[in-house]
Amino acid sequence: MGSQEVLGQAARLASSGLLLQVLFRLITFVLNAFILRFLSKEIVGVVNVRAPLGVFWSLFLGWVWLQLLEVPDPNVAPHYAAGVVLFGLSAVVELLGEPFWFLAQAHMFVKLKVTAESLSVILKSVLTVFLVLWLPHWGLYIFSLAQLFYTTVLVLCYVIYFTKLLGSPESTKLQTLPVSRISDLLPNITRNGAFINWKEAKLTWSFFKQSFLKQILTEGERYVMTFLNVLNFGDQGVYDIVNNLGSLVARLIFQPIEESFYVFFAKVLEREKDATLQKQEDIAVAAAVLEFLLKLALLSGLTITVFGFTYSQLALDIYGGAMLSSGSGPVLLRSYCLYVLLLAINGVTECFTFAAMSKEEVDRYNFVMLALSSSFLALSYLLTRWCGSVGFILANCFNMGIRITQSLCFIHRYYRRSPHRPLAGLRLSPVLLGAFALSGMVTAVSEVFLCCEQGWPARLAHIALGAFCLGATLGTAFLTETKLVHFLRTQLGVPRRTDKTT
């Protein structure tokens, strides 16, 4: 399969994933905004901050949540112990479906992913709304049962699909899948009689260590909240709601792109070879794609940062009412807008870095991640004691800045002996930067005079002015970044023939 064909499949997967994310995130956004009217911020803090950590550790440290940590007031969060157990059970169910997910992702089964994820998320949201309205006294049972239902539906979709596919004559004609029956995905003895392929096991161990450290870096603030009690359950609930709302665009746009183009880079590049020793056509295509992805991430992140800063309070007021728009909520969301910019850049740089690194480079990177994890946890605690929940976001910005620096250094070394310079994607034209700056100033003045205590006519005027500034900024980007526009048109805008497996 040529690099251009792989690029086409990755672009199709990214665009389909983007449409999927927009569809069910809009549905869940509306449902979650509705649910917030019926919940206290304390139970939101317990469910979204402490319980998901119980999923990760439940298999061998679940008793910590039940015996050593502070147990919430049963009147605030009833059925806490049972909820932790059910969250842990959902983790076990989801792990059973991981081999099927990796197989679908590696072979770019777009329709399968779209169907499975959209169906499971929508059904989970509907079940949550039903239980909140009709059985509110169930407490944590509501969210733990909804999570278990979500993972069960998701895994069943993949299992049913591959059971039918591998049992059909079509699978023997394709001969592209590395398995011929479902049992091949289970542990078994290899042809040479060994139970473990040690070469693959060592590589898997390297990625496991890396994933473990990324878990600490990604969810580190939840551990600090849980074990050190720097915030009460109410503040934890507000932080988590703002965190989910702030990362909404990141999940809508950046996550599908990162997942899909990681597959592209992994298929086009060879891990153990220097860039000068590989097919130069593939290296050139990878460099061009990386440059355009960096520019797209930078533009998206700047747009969110500039406009999100002046519309944070209004967004929180519309989404959750006074519970979110008063107090620390607006400051948290404004800080998160800056963090989203770093998230966007880091997602692209790391998807290339992890696809191109050799095993030895992955191991060296793990040591850096270990030091970064320790410093991140310490910094999270210190900054939170100093400036409250905003400290978690500032610590995340520091963490993300270090990770971006590591990835940029790797990319620079990877292409230093080639004529390609993909890091040029991080440069924008002065005209476009001026448009961002002017839009930021105009909307900041608009927020002072029109939002958010002046009533809905003033709010609508503030929204209209922001829409005009956004349109002008995007128009400037369209005129100045012509190469990026051409890339998006050719790779995402042209319909492509899809095979039957997708």
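Student: Which side chain does the side chain of arginine 403 make a polar contact with?

Tutor: The side chain of glutamate 350, at 2.9 Å. A polar contact is a pair of N or O atoms within 3.5 Å; within protein, one must be able to donate a hydrogen and the other to accept it, and residues adjacent in sequence count only if both atoms are side-chain atoms. This is a predicted model: local features need pLDDT of at least 70, side-chain atom pairs count only at pLDDT 80 or more, and totals for chains, interfaces and linings use all residues. Residues are numbered from 1 along each chain as its sequence is written, and side-chain values use heavy atoms, with hydrogens and water left out.

Student: Where is arginine 403?

Tutor: In helix H15, residues 390-415. Helices (H or I, at least four residues) are DSSP runs, numbered from the N terminus.

Student: Is arginine 403 buried or exposed?

Tutor: Buried, with a relative accessible area of 4%. Buried means under 20% relative accessible area, exposed over 50%, partly exposed in between (1.4 Å probe, protein chains only).

Student: New topic. How many salt bridges are there?

Tutor: Four. A salt bridge is a side-chain nitrogen of Lys or Arg within 4 Å of a carboxyl oxygen of Asp or Glu. One of them joins aspartate 317 to arginine 459, with the closest N and O atoms 2.9 Å apart. Aspartate 317 lies in helix H11 and arginine 459 in helix H17, 142 residues apart.

Student: How exposed is aspartate 317?

Tutor: Partly exposed, at 21% relative accessible area. Arginine 459 counts as buried at 10%.

How values were computed:
Helix = DSSP H or I, 4+ residues; strand = E, 2+ residues; numbered from the N terminus.
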